[in-house]
Each structure stands twice: as structure tokens, then as C-alpha cells.
Amino acid sequence: MPKKQKKDKKLRPKINLQIPISQVRKFSLTGPKYILQHAREYPIFGCWVMKGWQESGITPVVVARQQNADKVTYGVYLIDLYCLGVKDVVTYTDVSRAAFQRKLPEICRGEPEPCSVEFAHEMIYGSIEYAKRYELDPHPDFTQALADQILDPPDAHPRQGNIPFGRDGKPYYIAGPYDDDKKINLILKTLMRTAGEGNFDYMVGIEDADFFEEQ
């Protein structure tokens, strides 16, 4: 007679029922990534720009949300109004309100200028949309580091259309101190293709402020 084949027994994980539930390790839904993923659930605490941004063409835009009674989560978006849109971005979570208020003047390079939620969103999203006309993308951390989640969605607030983008009606690329030759050439080639010769201006070799030195 043929031998009966033994059925494979599925291995089941061993569970020690002697361990009290109180000693089972709890998973904490905290940490910067979790907070940023849920940032839109926190109310807006305030928004600020750098005083005199109209003359410089570049400004940090600070958007802060009230994480809890004593803590804020905030993003600093370095906006190039003339060409690149969101040039750089950094986020912070679990910052005490007192520490944030102390840091704000340094972030804004002097006297922070409060602005409305609508204005801050229009400046950030408007600059991104302007740059995209010329196939220039925002800094990768805008999405990869979840900085976009501190903001409301692009269509959440009405726009006034009073923020000028570009200079004299066309893009004006100012190369920063960390823009190497490869990056500069890539941006200039992109502008040549999308805007066309004579339809953009640029400046290379200028030392602009490093807004994201050690914070």
C-alpha cells in the first residue's frame, strides 16, 4: 500500500500567555514624520515673512501650526519670487512656543512681518506655479520631507493676485553660493528652452544669505 503523505503543518507564532498585557511594549504614534503627516489636523498658529521682501525678491515664509497647548510645528520656505519658487525648505516639530518666538527674528533676518494665512499660501504656491511655467521644480524636500503637509492644499484659500513674480515681466535667475556650475548651466539651459533667448535675465557669482545655517 502506498504510504500516506504527511500534511505539512503550518507553523504558528508562539505566544507567551504568561506575559501581562501591561508589560507588552506599546507603540507610540509620535515622532517628526508622524507629526508632519498629520500637520493639517493642527490649527494654524501664525504666518510671517521677512520685512522688505518686496525689494529683495527672496524671502523666508514661515507657517506654524499649534501642535498642542505648548508646542508648535512649523516650516520655513525660502521663496525666490523672481524665478525658482521654493528654493529651499526646512521643517521643525515639537518646538516650544517660547523657543519658536525667540527664533523667529533670526529666521526672518530681523523683524518678522506677520501675514495672513491666505497671503503666505499665495506666495508659496504662486511661486511654485510661476517656476513650473519654465519647468523649474520646487526643492525636493517640499514633498519628500513632508513640508507641503504643513500647508493647506493649494486651492484652500482665495488669492488676491497682488504678489509679483519674476522681475520686469520675466524670470530673473540669481545663482546662489551653493549653485555649482552644473546646476547653473542646467537652469540656464532650461530657461533658454522654455522662456527663450532674451526673455529672461540672470546673475551669477552673487553671495546671497544662507537662510538655513544652523538653526
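View 1. C115 counts as buried at 17% relative accessibility, where buried means under 20% relative accessible area, exposed over 50% and partly exposed in between, with a 1.4 Å probe and protein chains only. The model is predicted: local features need pLDDT of at least 70 and side-chain atom pairs count only at pLDDT 80 or more, while totals for chains, interfaces and linings use all residues. Residues are numbered from 1 along each chain as its sequence is written, and side-chain values use heavy atoms, with hydrogens and water left out. Searching the whole structure gives 0 disulfides, a disulfide being a pair of cysteine sulfur atoms within 2.5 Å. For C47, the nearest cysteine sulfur is that of C115, 5.2 Å away. C47 is buried too, with a relative accessible area of 3%.

View 2. T73 lies in β3, residues 71-80; strands (E, at least two residues) and helices (H or I, at least four) are DSSP runs numbered from the N terminus. The relative accessible area of T73 is 0%, so this residue is buried. Its side chain makes a polar contact of 2.6 Å with that of Q67. Such a contact is a pair of N or O atoms within 3.5 Å; within protein, one must be able to donate a hydrogen and the other to accept it, and residues adjacent in sequence count only if both atoms are side-chain atoms. Not counting residues up to four places away in sequence, T73 touches I35, L36, Y92 and I150, among others, contact meaning heavy atoms within 4.5 Å.

**View 3. Helix α4.** This helix covers residues 117-132, 16 residues in total. From first C-alpha to last, α4 reaches 23 Å, close to the 22 Å expected, the expected span being 1.5 Å times one less than the number of residues. Buried residues of α4 include H121, E122, M123, I124 and Y130.

**View 4. The largest nonpolar core.** A nonpolar core is a set of buried Ala, Val, Leu, Ile, Met, Phe, Trp, Tyr and Cys residues joined through side-chain atoms within 4.5 Å. The largest one has 23 residues, of which V61, V63, Y77, I79, M123, I124 and F142 touch the most other members. At least two residues each come from β1 (44-50), β2 (58-66), β3, β4 (85-96) and α4. The largest share, 5 residues, belongs to α4. Beyond its neighbours within four places in sequence, Y77 is in contact with residues including V61, V63, I124 and F142.
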